[in-house]
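Thanks for making time this morning.

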Amino acid sequence: MPAVSADLSKRLVPDELWELVAPLLPSFAARPQGGGTAPRDERAVFTAVVYVLTSGCDWRHLPPTFGTSSATAHRRFTVWTEVGLWRRLHRAVLDELGVRGEVDWTSGIIDAASVRAKGGSLTGPNPVDRGKKGSKLHMLSDAHGIPLAVAVSGANMHDSLALKPLIRGIPAVRSRRGPRRRRPVKLRADKAYFSAEHLSWLRERRLVARIARPGIESGERLGRHRWKIERSIAWLFGYRRLTIRYERKGSHFLAFLGLAAALTCHKKLAKLAT
């Protein structure tokens with residue numbers, strides 16, 4: 001592999017990240033139809049997937065310098081998606097942040113953003129984009145904007161419907177001291193998430209609701225916190241494969257979103273080591 005490609009591969013998947021990824025990879029199983037062989041270098045395949053996410057390139061245009069074919073990279077991406085690799089990787093990185101005391105549980109912040117979609121499952125007419133087909137990215141972060149849980153829906157789904165799934169989707173994260181944690185003290189959200197039913201549901205789970213009330217409270221108080229998750233969503237959109245959805249399968253787009261969340265968390269972890 002040329003030196004330039006080797007340098008790029010190291011930037012995309014540094015050794016510290018690969019140490020977290022490698023134990024999570026499923027063992028190779030031969031294809032039922034025969035003729036398949038195990039990839040000689042799974043790190044090269046994983047790096048190729050990260051490159052597709054980062055660059056936004058089509059699988060067909062994957063550079064050969066990564067040492068794996070586009071067909072192999074896509075096939076392994078599909079297998080890893082089916083076994084839940086991206087969710088487990090996200091949790092593994094959060095665990096590393098948690099033991100260092102870098103996950104701030106004083107509050108969680110929830111928000112969403114829409115993207116155009118070419119079609120497929122988990123899409124719908126976007127009410128803010130002249131009814132064009134799109135998907136919506138949902139995210140719940142800690143108090144500093146570290147992604148804790150992500151989800152995908154059609155662009156026409158109301159933001160509030162993602163509140164419960166996102167809270168339920170927060171993994172149990174290791175702590176510097178004591179047991180794992182999976183619940184923030186407060187939940188901050190704009191008025192789109194306000195409802196009496198939500199307030200009651202949050203109280204039952206000992207979550208303090210800080211949700212703007214329609215017609216009563218402005219978004220200014222929330223704005224002091226909301227910019228953190230807006231910044232994090234902007235970081236996710238820095239992965240170009242997320243800016244326009246090309247995946248027909250909603251599970252594949254969610255996979256890229258989950259990988260982007262894990263990489264965003266790992267960048268925070270990498271900064272702690274410098």
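Let me begin with a definition: two strands count as paired if DSSP finds at least two bridges between them, and the strands themselves (E, at least two residues), like the helices (H or I, at least four residues), are DSSP runs numbered from the N terminus. Please keep in mind that this is a predicted model, in which local features need pLDDT of at least 70, side-chain atom pairs count only at pLDDT 80 or more, and totals for chains, interfaces and linings use all residues. Residues are numbered from 1 along each chain as its sequence is written, and side-chain values use heavy atoms, with hydrogens and water left out.

With that in place, β3 pairs with strand β4 (residues 147-154) in the antiparallel sense over seven bridges, and L140 has A149 in β4 as its bridge partner. The two strands form a hairpin with five residues between them, where G145 in the turn has a positive phi of about 95 degrees.

Eight of the nine residues of β3 (residues 133-141) are buried, so the strand is largely enclosed by the rest of the structure; buried here means under 20% relative accessible area with a 1.4 Å probe, counting protein chains only.

Stepping back to the whole chain, buried residues make up 49% of its 274 residues, and the C-alpha trace spans about 60 × 50 × 35 Å along its principal axes.

Definitions and conventions. Buried < 20%, exposed > 50% of the residue type's maximum accessible area, 1.4 Å probe, protein only.
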